[in-house]
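Reader: Before we go through the details, could you show me the model and then take my questions one at a time?

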Amino acid sequence: MALDQQLLDILACPDTHHAPLTYDSAAQTLTCTECGRIFEVRDDIPILLLDEARQAPPAQGSGQAS
């Protein structure tokens with residue numbers, strides 16, 4: 001079962017910026033559009049705890065050549 005669109009419309013990052021989240025139904029995750037934290041969705045329940053979130057991997061190609 002996927003998350004309800006009305007719920008997705010009101011969910012926001014629990015950090016102080018309260019940015020919108022994007023939902024990946026295949027991975028069952030919500031990703032903050034500002035800080036990049038990834039929150040899991042377990043049994044159709046979003047786990048919006050900062051302590052349980054993981055950071056998105058760094059973007060490729062953004063480092064400087066040495």
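**The cysteines, the core and the loops**

Author: Cys-13 is buried, with a relative accessible area of 1%, where buried means under 20% relative accessible area, exposed over 50%, and partly exposed in between, computed with a 1.4 Å probe on protein chains only. This is a predicted model, in which local features need pLDDT of at least 70 and side-chain atom pairs count only at pLDDT 80 or more, while totals for chains, interfaces and linings use all residues. Residues are numbered from 1 along each chain as its sequence is written, and side-chain values use heavy atoms, with hydrogens and water left out.

Reader: How many disulfides does a search of the whole structure find?
Author: A disulfide is taken as a pair of cysteine sulfur atoms within 2.5 Å. The closest cysteine sulfur to that of Cys-13 is in Cys-32, at 3.8 Å, which is too far for a bond. For the sulfur of Cys-32 the closest cysteine sulfur is in Cys-35, and there the separation of 3.5 Å is again too far for a bond. The number of disulfides found in the whole structure is 0.

Reader: Is Cys-32 buried or exposed?
Author: Cys-32 is one of the residues of the largest nonpolar core. Because its relative accessibility is 4%, Cys-32 counts as buried.

Reader: What pattern does the protein chain follow when read along the sequence?
Author: Helices (H or I, at least four residues) and strands (E, at least two) are DSSP runs numbered from the N terminus. On that basis the protein chain holds 1 helix and 5 strands. Read along the sequence, their pattern is α-β-β-β-β-β.

Reader: Which residue in S2 is the bridge partner of Leu-21?
Author: Two strands pair if DSSP finds at least two bridges between them, and 4 bridges join strand S1 (residues 21–24) to S2, the two running antiparallel. Leu-21 also touches residues such as Leu-11, Leu-30, Phe-39 and Leu-48, not counting residues up to four places away in sequence, with contact meaning heavy atoms within 4.5 Å. The bridge partner of Leu-21 in S2 is Cys-32.

Reader: What separates the C-alpha atoms of Leu-11 and Leu-21?
Author: Leu-11 lies in the loop between helix H1 (5–10) and S1, and Leu-11 is buried, with a relative accessible area of 15%. Beyond residues up to four places away in sequence, Leu-11 touches Pro-20, Leu-21, Leu-30, Pro-46 and Leu-48. Although Leu-11 and Leu-21 are 10 residues apart along the chain, their C-alpha atoms are separated by 6.7 Å.

Reader: What relative accessible area does Arg-37 have?
Author: The place of Arg-37 is in strand S3. Not counting residues up to four places away in sequence, Arg-37 touches, among others, Asp-15, His-17, Leu-50 and Arg-54. Arg-37 counts as buried because its relative accessible area is 18%.

Reader: Where is Gln-28 found, and what is its phi?
Author: Most residues other than glycine have a negative phi. Gln-28 is found in the loop between S1 and S2, whose hairpin has 4 residues between the strands. Gln-28 is partly exposed, at 24% relative accessibility. Its phi is positive, near 55°.

Reader: What is the phi of Asp-44?
Author: Asp-44 is found in the loop between S3 and strand S4 (45–46). At 27% relative accessibility, Asp-44 counts as partly exposed. Phi of Asp-44 is also a positive value in a residue other than glycine, near 65°.

Key:
Core = buried A, V, L, I, M, F, W, Y, C linked by side-chain atoms within 4.5 Å.
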